[in-house]
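Please read it alongside the sequence and the coordinates.

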Amino acid sequence: MFNEADEHQDIRDAVRQLCRQFPDTYFREVDTRKAYPEAFVNALIGAGWLAAMIPEAYGGTGLGLTAASVIMEEINRCGGNAGAVHGQMYNMGTLLRSGSPAQKDRYLPAIAAGKLRIQSMAVTEPTTGTDTTKIKTTAVRVGGKTGDHYVVNGQKVWISRVQHSDLMILLARTTPLAEVKKKSEGMSVFIVDLHQAIGHGLSVRPIPNLVNHETNELFFDNLEIPAENLIGEEGQGFRYILDGLNAERTLIAAECIGDGYWFIERARKYAGERVVFDRPIGQNQGVQFPIADAFIEIEAANLMRFDAARRFDARQPCGAQANMAKYLAAKASWEAANVCMQTYGGFGFANEYDIERKFRETRLYQVAPISTNMIFAYVAEHVLGLPRSF
Ligand SMILES: Cc1cc2nc3c(=O)[nH]c(=O)nc-3n(C[C@H](O)[C@H](O)[C@H](O)COP(=O)(O)OP(=O)(O)OC[C@H]3O[C@@H](n4cnc5c(N)ncnc54)[C@H](O)[C@@H]3O)c2cc1C
């Protein structure tokens with residue numbers, strides 16, 4: 001509930017305290033320069049907040065998804081943008097769930113300690129988009145099943161934070177689509193050491209875009225990856241990626257909730273202070289009702305977000321709840337953004353109020369990491385049992 005203490009208040013207070021060092025002016029300035037918020041990310045990683053989902057046995061805090069989602073929510077609720085860091089929170093999940101003991105021992109403690117960044121996951125491709133099973137990037141094991149390396153060729157698009165990461169999770173096809181029984185088979189997941197790869201078979205081209213979000217096109221030209229970097233079983237990679245999506249969706253739902261509360265608070269305050277026609281604009285029901293409406297939507301979405309997180313932490317099925325939470329929260333934050341912009345009138349367009357920056361930032365979540373239509377398809381076909389359309 002709005003400004004009401006909950007059982008996560010300690011986490012909220014501590015994250016808010018850290019975020020106070022990075023006020024609106026900080027995020028506005030990095031947005032203007034289209035720069036990466038390096039100092040903010042270093043502070044978060046340094047304080048251990050992004051190791052919330054790494055078990056204590058590997059040096060993390062083992063707090064679980066509910067707590068992790070509160071951390072993400074608070075960053076956005078304080079006016080920041082967790083999109084610069086959320087990969088560090090969830091990309092290690094593929095390694096944690098499907099990696100070998102040796103891989104986990106090698107990487108997880110270093111990730112938990114903030115010495116290694118695993119900010120990137122490369123799935124999307126320019127020619128196949130949402131139709132992931134048709135990806136064309138290939139990884140071929142040289143020397144047959146016992147060969148010591150794979151060679152990767154192909155292209156990815158919209159791959160975020162590559163320039164601010166040490167490691168990247170990569171999905172590539174290891175068996176041609178024509179040779180598998182199910183289209184979801186024959187893809188594999190690898191861990192890519194970006195320092196070794198860039199300039200040696202991997203090139204990175206930044207994509208200028210609507211928000212201050214570091215995202216890139218990737219070109220693979222005979223990139224060699226050691227066979228020991230294969231995660232889990234060859235051919236099962238799509239399943240490993242899918243397993244991680246519920247956490248990603250729930251965390252991003254929480255970021256949208258944070259944005260939503262931020263917009264509501266700004267609109268509420270401004271509507272109470274701005275006087276036109278000799279009274280605060282918020283005294284007009286035409287101004288106050290849309291703010292109340294947007295607030296109700298955020299509150300409702302928040303319930304679904306906590307339901308998804310609770311189920312995930314209890315190891316119960318949560319695909320439907322994670323998808324629905326992401327849908328509701330992204331929709332509610334966008335409505336709150338619109339209402340806030342309308343409440344500010346012309347001043348909403350001025351950079352100095354940060355409304356236009358957050359407005360752009362929250363819009364992304366109806367498209368990525370999964371678009372609204374794909375959530376409708378999931379619910380229609382997997383929850384309601386309607387015939388599959390693709
Ligand atoms: C800023 C940003 C950062 C990103 N970061 C990453 C990242 O780090 N890693 C990564 O792998 N990807 C990333 N993505 C990619 C993102 O996940 C995709 O953009 C998204 O999944 C949609 O894919 P697409 O853009 O190719 O759209 P398309 O697949 O071309 O779809 C375009 C539109 O058509 C709709 N559509 C397509 N097919 C159907 C259908 N059958 N029925 C109904 N509607 C349909 C879609 O819902 C969408 O609205 C990022 C994207 C952005 C914009």
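How many nonpolar, polar and charged residues does the shell around the ligand have? The model is a predicted one. By class, the shell holds twelve nonpolar residues, ten polar residues and no charged residues.

**Ligand shell**

The ligand is surrounded by 22 residues. The closest of these are V123, G129, T130, W158 and S371. Two or more residues of the shell come from each of the elements β1 (120-122), β3 (149-160) and α13 (372-383). β3 supplies the largest share, which is three residues. In terms of domains, at least three residues of the shell come from domain 2 (120-235), and at least three come from domain 3 (239-383).

**Domains**

The protein is divided into domain 1 (9-112), domain 2 (120-235) and domain 3 (239-383). Between the C-alpha centres of domain 2 and domain 3 there is a distance of 32 Å. Their contact is formed by eight residues of domain 2 and seven residues of domain 3. On the side of domain 2 that touches domain 3, six residues are nonpolar, two are polar and none is charged.

**Helix contacts of α9**

Helix α9 (residues 237-273) has contacts with helix α12 (residues 355-363) and with helix α10 (residues 285-313). The table gives the geometry of each pair.

| Helix pair | Axis distance | Crossing angle |
|---|---|---|
| α9 and α12 | within 11 Å | roughly 155 degrees |
| α9 and α10 | 9 Å | about 155 degrees |

An angle over 145 degrees counts as roughly antiparallel, and α9 and α12 are therefore roughly antiparallel to each other. The crossing of α9 and α12 is left-handed. C256, D259, W262, F263 and R266 of α9 make this contact with I355, K358 and T362 of α12. By class, the residues of the contact of α9 with α12 are four nonpolar, one polar and three charged.

For α9 and α10, the packing angle of about 155 degrees makes the two helices roughly antiparallel. α9 crosses α10 in a left-handed sense. On α9, the contact residues include N246, A247, T250, A253 and A254, as well as Y261, I264 and R268. On α10, they include V287, Q288, I291, A294 and F295, as well as N302, R305 and F312. The contact of α9 with α10 has 17 nonpolar, five polar and two charged residues.

Methods
Residues numbered from 1 in each chain as written. Predicted model: local features only at pLDDT ≥ 70, side-chain atom pairs only at ≥ 80, totals over all residues. Near = placed C-beta within 6 Å. Helix = DSSP H or I, 4+ residues; strand = E, 2+ residues; numbered from the N terminus. Nonpolar A, V, L, I, M, F, W, Y, C, P; charged D, E, K, R; others polar. Domains from an automatic or database assignment. Axes fitted to C-alpha atoms, helices over the stretch in contact; angles between N-to-C directions. Parallel < 35°, antiparallel > 145°, perpendicular 65-115°, else oblique. Left-handed = near helix turned anticlockwise from the far one by under 90°. Contact = placed C-beta atoms within 7 Å.
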